[in-house]
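Welcome! Let's take a friendly walk through the inside of this protein, starting with its nonpolar residues and ending with its aromatic rings.

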Amino acid sequence: MLPIRLIETERDDFDGPIAELWRDDDFIGMVFWDGEAPIVQIYPDADGDVQDLDVRELQRLLDTAVQIIDPHAFDEDLTELRDAVAAAGEDFSDVHPATAELLSEFDERAVHRTEDGEGFFKRADAEAFITKCEELDLAVVEMEGFDLRDATLIPRPKLDLVVTPQTMMSWSEFRTYANVTCHDTLRGWPSRPSIVIAFVIQQPDAETIVA
């Protein structure tokens with residue numbers, strides 16, 4: 001049985017976000033806030049038949065969905081998402097000096113890292129990350145947002161930005177353009193504490209680095 005995906009979206013006839021449930025290309029149902037409580041709607045499959053769902057998987061997804069759609073979900077301080085990942089002693093000798101300085105300052109501020117080393121930052125650190133890139137003559141050229149739930153990253157398809165190179169701009173002009181675009185975009189993303197952001201940066205020599 002294929003796993004169920006949870007996708008956050010918005011609809012004109014709903015005031016808040018909707019959490020949709022999908023299995024591959026098949027729509028399963030959705031979770032929304034009706035003003036007083038979370039509501040889940042499960043639909044028949046494309047042939048009108050009953051859908052079999054794993055109760056444990058569904059419960060986990062519904063718990064996450066409620067956190068997305070409940071406007072009061074984070075009114076109280078919640079447990080820290082997870083301890084920061086330590087990376088003391090990492091060798092940056094072969095890295096561009098500006099990138100080395102950036103990684104040295106922000107490496108331990110990542111709240112999550114994948115097995116291949118990609119870091120994810122909470123909003124305040126993400127904003128500081130972009131600002132530091134501008135100071136160090138680095139450009140943030142890709143930015144992607146996720147929800148982090150119990151060390152699990154949940155993709156948010158609408159929280160994604162790629163800054164296209166502008167051939168008519170000098171490096172300094174493009175760097176500032178990219179960083180300002182990322183700052184402005186980040187301000188428009190959801191402010192719930194579970195949101196974490198990953199970055200790809202570009203150096204003056206045009207090499208890109210996953211932060």
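Two residues are in contact here when heavy atoms of theirs lie within 4.5 Å. Keep in mind as you look that this is a predicted model.

With that in hand, find Ile201. Leaving aside residues up to four places away in sequence, Ile201 touches a list of residues that includes Thr99, Leu102, Phe129, Cys133, Val140 and Ile209. Ile201 is also among the residues with the most contacts inside the largest nonpolar core, which has 30 residues. Leu102, Phe129, Val140, Met143, Ile197 and Phe199 share that description. Helices H2 (97-106), H3 (123-135) and H4 (171-187) each give two or more residues to this core, and so do strands S7 (139-149), S8 (152-162) and S9 (195-202). The largest share, five residues, comes from S9. There is also a second, separate core of twelve residues, with Leu58, Leu61, Ala65 and Ile68 among them.

Now turn to the rings. The whole structure holds eleven aromatic pairs. In one of them, Trp22 and Phe27 have ring centres 5.2 Å apart and planes at 65°, so this pair is edge-to-face. Trp22 is partly exposed at 22% relative accessibility, and Phe27 is partly exposed at 23%.

Phe121 and Phe199 make a tilted pair, with 6.2 Å from centre to centre and 40° between the planes. Phe121 sits in the loop between strand S6 (119-120) and H3, while Phe199 belongs to strand S9, so their pairing ties together parts 78 residues apart in sequence. Phe121 is buried, at 1% relative accessible area, and Phe199 is buried at 1% as well. Finally, ring pairs link Phe106, Phe121, Phe129 and Phe199 into a cluster.

Terms used. Residues are numbered from 1 along each chain as its sequence is written. This is a predicted model: local features need pLDDT of at least 70, side-chain atom pairs count only at pLDDT 80 or more; totals for chains, interfaces and linings use all residues. Side-chain values use heavy atoms; hydrogens and water are left out. A nonpolar core is a set of buried Ala, Val, Leu, Ile, Met, Phe, Trp, Tyr and Cys residues joined through side-chain atoms within 4.5 Å. Buried means under 20% relative accessible area, exposed over 50%, partly exposed in between (1.4 Å probe, protein chains only). Helices (H or I, at least four residues) and strands (E, at least two) are DSSP runs, numbered from the N terminus. Rings of Phe, Tyr and Trp (its six-membered ring) pair if their centres lie within 6.5 Å; planes under 30 degrees apart count as stacked, over 60 as edge-to-face and the rest as tilted.
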